[in-house]
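Me: I've got a model open here and want to go through a few spots in it. Can you take my questions as they come?

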Amino acid sequence: MSTVLNPPPTVRSFRSPTSRSPRVSMLLRSTTLSTAAALPILTKLQHDCATPLPLLRNIADNMAADMRAGLAVDGGSDLKMILSYVDCLPTGHERGLFYALDLGGTNFRVLRTQLGGRDERVIDTEFEQVSIPQDLMSGTSDELFDFIASALAKFVKKEGGKFVLPNGRSRETGFTFSFPVKQTSIDSGILIKWTKGFSVSGTPGKDIVACLNEAMGRQGLDMRVSALVNDTVATLAGARYWDDDVMVAVILGTGTNACYVESVEAIPKLPGHKSNSGKTIINTEWGAFSNGLPLTEYDRAMDAESINPGEQLYEKTISGMYLGEIVRRVLVRMAETGSLFGKHIPEKLQTPFALGTPNISSMQQDTSEDLEAVGSILYEATGVDSNLDARKMVVEVCDTIAKRGGRLAGAGIVGILQKMEEDSKGVVFGKRMVVAMDGGLYEHYPQYKRYLKNAVAELLGPELSSHVVIEHSKDGSGIGAALLAATNSIYEH
Ligand code: ADP
Ligand code: MG
């Protein structure tokens with residue numbers, strides 16, 4: 001599926017000692033016998049993961065081209081370019097009480113917000129997080145939705161204080177559902193398949209809003225689902241409520257996805273779609289992108305052993321679920337052929353996903369002289385003993401994988417901006433424009449975030465990048481779904 005670029009000549013010369021990065025040569029000088037044998041593995045990794053500007057440009061161009069091809073016909077490219085049916089974004093004028101329900105992983109969240117229009121904005125917000133019991137993740141559809149509806153009903157019972165529902169109205173909720181859905185309208189969608197460890201029987205092929213409605217009925221809960229959205233779309237809505245210039249939203253958490261504001265006439269595959277605003281939100285499902293990615297032998301092995309080989313290759317190079325695992329695979333190689341951690345290779349190190357992305361991020365934050373935190377994280381997660389040289393080498397590996405991930409994510413963002421600009425000159429470049437970011441990886445991995453922003457700046461140049469604001473929109477997705485319930489309310493407001 002993926003085309004792997006031949007590294008341009010500038011990258012090849014990276015192998016020659018004269019062009020080694022200062023960090024590598026520092027490492028070289030301090031290298032003892034214990035790490036010398038692992039050094040060629042690091043050098044090759046850095047070479048294979050290199051993301052020089054021409055490669056990033058190619059990624060951005062390919063992303064823009066794949067978006068266009070995915071908009072032309074269904075199945076036209078790796079990118080599904082799904083119509084969200086969200087044609088109106090919040091303006092700030094929304095008023096009233098709205099709920100949101102967010103089911104996207106092992107937790108689900110319920111939230112209510114009281115909106116006071118342009119002047120008062122968000123009068124109050126409350127939320128609760130409930131973890132989904134393990135057995136319900138592989139039970140029946142009714143069991144899962146009964147559990148959700150019952151938690152929601154309990155939450156509704158506690159409504160009071162500043163939260164008021166006008167007489168004669170039903171409560172309305174937005175439903176953020178981050179699994180693959182074939183959306184059929186703003187408030188209905190068919191579940192294609194469960195992912196992320198869910199294998200609930202009876203839901204695939206069904207309208208999940210109907211499943212939820214039936215369960216709410218069984219709980220005696222009078223609530224209407226006004227908007228079914230995924231987390232990316234909810235993030236865009238949540239950020240737009242505060243800032244009219246938000247045009248793109250990107251999630252970098254366990255997985256990754258992006259959505260953006262598109263003109264209806266730029267979607268050839270949907271000639272009949274009507275939108276009063278002339279705009280609609282397209283959910284790119286960009287995790288499936290693959291064209292031109294610099295992949296290593298470690299990526300290929302991880303992909304081959306994954307539950308979805310050949311799929312979600314961009315997600316597998318840039319998102320939180322995988323970065324730690326790629327690092328672990330490199331460390332196994334360094335341990336086996338470079339004896340990086342001595343003769344004994346603990347079983348833990350050989351266990352897939354033993355090293356998480358939070359681990360590699362924490363290791364990169366260690367500024368102590370003896371890299372003590374690196375040593376203890378390594379020991380805790382993988383069971384290896386490490387000396388200082390080995391720890392330095394490990395940090396270099398983490399940095400290499402985070403750098404490639406962050407820079408490729410940045411190039412993807414530029415690809416989206418390019419596509420928008422090509423269609424209507426001046427819509428993106430030349431005026432302020434905001435990309436709303438969310439997800440644990442972006443939020444908690446400072447080096448990754450820096451690499452992403454630097455790549456965007458390199459690609460756009462100083463003039464254009466001065467107008468592009470890449471902004472963290474914390475928890476925008478929770479309130480975003482409630483805001484979309486408001487903009488799609490059946491009542492006037
Ligand atoms: P989800 O994507 O499952 O909805 P989040 O947006 O909270 O959830 O992202 C969680 C993911 O973020 C984790 O799977 C992990 O990969 C990543 N992450 C969490 N904490 C950190 C951290 N400290 N450093 C780097 N990545 C982190
Ligand atoms: Mg999430």
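Me: By class, what does the shell around ligand 1 have?
Reply: This is a predicted model. The shell around ligand 1 has eight polar and four nonpolar residues, and no charged ones.

Me: Which residues surround ligand 1?
Reply: Gly-253, Thr-254, Gly-320, Met-321, Thr-357, Pro-358, Ser-361, Gly-439, Gly-440, Leu-441, His-444 and Tyr-445.

Me: What lies 2.7 Å from an oxygen atom of the ligand?
Reply: A polar side-chain atom of Thr-254. Backbone N or O atoms also come up: one of Gly-440 lies 2.9 Å from an oxygen atom of ligand 1, and one of Leu-441 lies 3.3 Å from an oxygen atom of ligand 1.

Me: How much of the ligand's accessible area does the protein cover?
Reply: 64% of the 570 Å² that ligand 1 has on its own.

Me: Back to α12. At what angle do α4 and α12 pack?
Reply: About 150°, with the axes of α4 (residues 39-48) and α12 (residues 320-338) 9 Å apart. The crossing of these two, α4 and α12, is right-handed.

Me: Which residues make that contact?
Reply: From α4, Ile-41, Leu-42 and Leu-45. From α12, Val-330, Arg-333, Met-334, Thr-337 and Gly-338. By class, the contact of α4 with α12 has five nonpolar residues, two polar and one charged.

Me: What about α10 and α12, how do their axes cross?
Reply: At roughly 115°, and the axes of α10 and α12 come within 10 Å. α10 passes α12 in a right-handed crossing.

Me: Which residues meet there?
Reply: On the α10 side, Glu-297, Tyr-298, Asp-299, Ala-301 and Met-302. They meet Tyr-322, Glu-325, Ile-326, Arg-329, Val-330 and Arg-333 in α12. The contact of α10 with α12 divides into six nonpolar and five charged residues, with no polar ones.

Conventions: Residues numbered from 1 in each chain as written. Chains lettered and ligands numbered in written order. Predicted model: local features only at pLDDT ≥ 70, side-chain atom pairs only at ≥ 80, totals over all residues. Heavy atoms only, no water. Axes fitted to C-alpha atoms, helices over the stretch in contact; angles between N-to-C directions. Helix = DSSP H or I, 4+ residues; strand = E, 2+ residues; numbered from the N terminus. Left-handed = near helix turned anticlockwise from the far one by under 90°. Contact = heavy atoms within 4.5 Å. Nonpolar A, V, L, I, M, F, W, Y, C, P; charged D, E, K, R; others polar. Near = heavy atom within 4 Å. Polar contact = N/O pair within 3.5 Å; in protein donor to acceptor, adjacent residues only side chain to side chain. Areas by Shrake-Rupley, 256 points an atom, 1.4 Å probe, with all protein chains shown as cover.
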